[in-house]
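User: I would like to go through the strand assignments in this model and the reasons behind the terms used for them.

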Amino acid sequence: MTNVGEVDGLTLFPADAGYRAAVEVFNLAAPVRPAAAVTARTVGQVRAAILDARRRGWHVRVHSTGHGSAAARPVDGGLLIRTRLTGGVSIDPLARVARVPAGTRWGEVAQAAAAYGLAAPHGSSPTVGVVGYLLRGGVSFYGRQVGLAGNRVRAVELVTADGEYRRVDADNDPELFHALRGGGGGFGVVTAVEVALHPVAAVVTGAAFWPAAHAPALLDAWRGWTRHAPDRATTTFRVMNLPAIEGVIPSALSAGTVVCVDGAVLAATADELPDAQRVADELLGPLRAVAPTIQDSWTTAGPIDVLATHLDPAEPVPLVGDHMLLDELDESGAAAFLASVGPDSGSPLINAELRQLGGALAVPDPDGGILDHLPARYAYVSGGMPFGLVTVDDIRGHCATVRRTLTPWNTGRTAPTFVETVDQPQLHLDADQVAVVDRVRRRVDPDDLFRLDVAPNASAVR
């Protein structure tokens with residue numbers, strides 16, 4: 001066994017100290033076991049790792065926080081490069097742009113941007129890595145106002161298969177810049193991104209919980225509101241079976257199945273705050289009239305608070321789930337959803353949610369990436385944790401049941417950041433788009449070094 005102290009930049013094998021840290025993932029149900037791993041903190045270390053992989057004949061896959069490990073191809077027999085680039089987040093408040101090194105998590109970006117009255121198009125968790133989320137599209141609680149997060153990327157820095165550093169944007173290799181944003185990976189190792197920020201004075205945000213017995217009336221009211229909701233609002237309707245975790249989840253929320261409506265309403269300026277509060281009241285008033293809440297945290301807050309709204313786990317957990325993009329749900333669709341995940345369904349899922357889409361998320365962006373919009377009304381996202389009497393097979397079996405039940409409303413399309421497993425049905429690019437990204441990939445990686453890094457549905461070669 002090799003005894004190493006500082007492991008950054010070193011190629012580590014399973015018997016080496018530091019290997020375990022280099023292959024850590026957030027989803028404990030989807031560990032990775034590459035032949036070797038490198039943690040890279042500089043562009044030079046990234047370049048050295050790529051050239052070493054070429055010499056050894058290894059294929060390469062990249063990750064930072066490991067949140068998407070279950071949706072990535074197996075890396076057995078290859079090299080895993082974990083990006084932890086140094087330098088920290090830098091904000092240009094006049095241009096409203098943040099430069100973010102690969103490996104940075106969204107919580108750090110949100111904190112840095114908030115100091116200037118700005119917000120980033122982050123997801124629902126502060127622990128998710130910025131680069132992977134952005135380059136896989138990214139659906140934010142600000143998404144109906146600003147569109148897919150990937151469209152907000154203004155430049156990408158990467159090292160390609162030849163070991164060369166490149167900075168690409170709308171003026172420098174626009175073809176590669178277009179393909180990187182939603183193309184499914186396999187273009188090189190991204191070392192930093194520049195992402196546009198948006199102004200924010202306040203956000204009305206929070207989560208309200210009810211006993212699941214009121215789910216039909218609550219879902220009916222929520223669906224009606226979403227049909228005419230302004231773009232400044234993005235919300236989710238969730239059916240949850242929360243585990244009893246002392247000090248983390250209140251006992252009132254883990255005593256049985258609950259329904260939750262959470263989200264955010266953006267006020268870009270102080271003058272917009274009264275309207276944002278009115279929008280939230282128009283949603284929450286009818287819901288609160290259905291039944292008293294168990295817990296209700298909706299309030300006017302700052303952008304940092306949005307990261308706590310969805311109650312995503314702060315520490316690594318095992319998770320198995322599924323995802324679909326859905327068309328408009330009619331009454332029968334709503335009933336089918338509740339029948340398959342509600343309190344009488346026997347569902348082992350901790351979370352089954354409908355995320356509100358539409359608004360700017362549904363509008364193609366002429367300056368966006370290859371994936372520039374989501375043609376759907378809702379995103380269905382579910383997940384269960386295999387522990388106690390609940391097995392992985394239990395969760396997968398119920399996910400399959402839900403999928404069959406919701407087939408009439410399934411668009412067949414998916415949003416990459418919501419995809420839970422590598423083998424689930426997924427389609428975020430059409431055949432013409434796949435041909436475009438394959439052509440770019442062949443140009444920058446003619447030897448197919450990064451084939452393990454290519455997401456399903458992102459290449460004609462599987």
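**Strands, pairing and burial**

Analyst: The model is predicted. In it, Val159 stands opposite Val189 in β9.

User: What makes β7 and β9 a pair?

Analyst: Pairing requires at least two bridges between two strands. Strand β7 (residues 153-159) and strand β9 (residues 189-196) are joined by six bridges in the antiparallel sense, so they meet the criterion.

User: Which sheet includes β9 and β7, and in what order do its strands lie?

Analyst: The order is β4-β5-β9-β7-β8, an open sheet of five strands with antiparallel pairing. Because β4 (90-92) and β8 (165-168) each have a single partner strand, they stand at the edges, and one side of each lacks a neighbour in the sheet. From one strand to the next the twist averages 15°.

User: Why is β17 called largely enclosed?

Analyst: A residue counts as buried under 20% relative accessible area. Six of the six residues of β17 (residues 351-356) are buried, so the strand is largely enclosed by the rest of the structure. Asn351, Glu353 and Arg355 point one way, Ala352, Leu354 and Gln356 the other, and all are buried. In a regular strand, side chains alternate between the two faces of the sheet.

User: How do you know that β17 pairs with β12 and with β18?

Analyst: The threshold is again at least two bridges. Strand β12 (residues 233-240) and β17 run antiparallel and are joined by five bridges; β17 and strand β18 (residues 378-384), also antiparallel, are joined by six. Both therefore qualify as pairs. Leu354 of β17 stands opposite Phe237 and opposite Tyr380 in β18.

Methods:
Residues numbered from 1 in each chain as written. Predicted model: local features only at pLDDT ≥ 70, side-chain atom pairs only at ≥ 80, totals over all residues. Heavy atoms only, no water. Helix = DSSP H or I, 4+ residues; strand = E, 2+ residues; numbered from the N terminus. Axes fitted to C-alpha atoms, helices over the stretch in contact; angles between N-to-C directions. Buried < 20%, exposed > 50% of the residue type's maximum accessible area, 1.4 Å probe, protein only.
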